[in-house]
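Here's a quick write-up to go with the model. Have a look at the structure, then read on.

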Amino acid sequence: MMERSEDAAAPGMSNRWPEILVALFLVIMGIIAITDSIRVGIGWEEGEGPQAGYFPFYIGCILLLSSGWVLLNAALKFGKPHPQFASWEELRSVMQMLVPLTIYIVAVVFLGLYLSSFILIAYFMKVHGKFGVIATALTSIGVPLAAFMLFERWFLVPLPKGPIEQMLGL
């Protein structure tokens, strides 16, 4: 892969806003973890051990402190030059993966895991992998089928099903 010097960097998004947004999100997650842990109990009961919120409370504290530190550092460097987060071409590549995966997550709710997985695997194999029809069909049918056999039949763990599985009585 080619290395870019800072002077010849392609135009793109600076790393300041992604850093701040992720840090803010993690601060919120840390606060949620802490407050919910306090709600369920963070103490140590004699003979019982830790209450349900004991470990999540400390994880929330670590998350809050570390993301708060990142947020503070980003805020203190606000007027200074900053490195580029990604070029627009790199962001386009990320979106080519993120958008289909987001659609997949929503589709699982309506179509079930197996049909959604079939569609996602087929899409990625044809569009991004440039595989042939036979390899795409075998893989996109085989992976959900293997997951069905493994989880539903052998481990007896039900996974989200859609209308097709309901029609088949699965």
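## Loops, core and surface

Leucine 156 is exposed, at a relative accessible area of 67%; exposed means over 50%, buried under 20% and partly exposed in between (1.4 Å probe, protein chains only). Before going further, a word on the source: this is a predicted model, where local features need pLDDT of at least 70, side-chain atom pairs count only at pLDDT 80 or more, and totals for chains, interfaces and linings use all residues. Residues are numbered from 1 along each chain as its sequence is written, and side-chain values use heavy atoms, with hydrogens and water left out.

Back to leucine 156: it sits in the loop between helix 5 and helix 6 (163–168). Helices here are DSSP runs (H or I, at least four residues), numbered from the N terminus. Most residues other than glycine have a negative phi, yet leucine 156 has a positive one, near 55 degrees. Lysine 130, in the loop between helix 4 and helix 5, also has a positive phi, near 55 degrees.

Here are some accessibility values side by side.

| Residue | Relative accessible area | Class |
|---|---|---|
| Leucine 76 | 59% | exposed |
| Valine 94 | 47% | partly exposed |
| Lysine 130 | 67% | exposed |

Leucine 76 belongs to helix 2 (residues 54–76), and its C-alpha atom is 17 Å from that of valine 27, 49 residues apart along the chain. Valine 94 is in helix 3 (residues 88–111). Together with Met95, Leu98, Val99 and Ile103, Val94 makes a nonpolar surface patch of about 440 Å². Patch residues have over 30% relative accessible area and no salt bridge, with nonpolar side chains joined within 5 Å; a salt bridge puts a side-chain nitrogen of Lys or Arg within 4 Å of a carboxyl oxygen of Asp or Glu.

Now for the inside. The largest nonpolar core has seven residues: Tyr104, Val108, Leu113, Tyr114, Leu120, Phe124 and Phe148. Core members are buried and joined through side-chain atoms within 4.5 Å.

Leaving aside residues up to four places away in sequence, phenylalanine 148 touches Tyr114, Arg153 and Leu170, contact meaning heavy atoms within 4.5 Å.

Note on methods:
Patches are made of residues with over 30% relative accessible area and no salt bridge: like charges are joined within 9 Å, nonpolar side chains (Val, Leu, Ile, Met, Phe, Trp, Tyr) within 5 Å. Accessible areas come from the Shrake-Rupley method with a 1.4 Å probe; for residues, only the protein chains shown count as cover. Helices (H or I, at least four residues) and strands (E, at least two) are DSSP runs, numbered from the N terminus.
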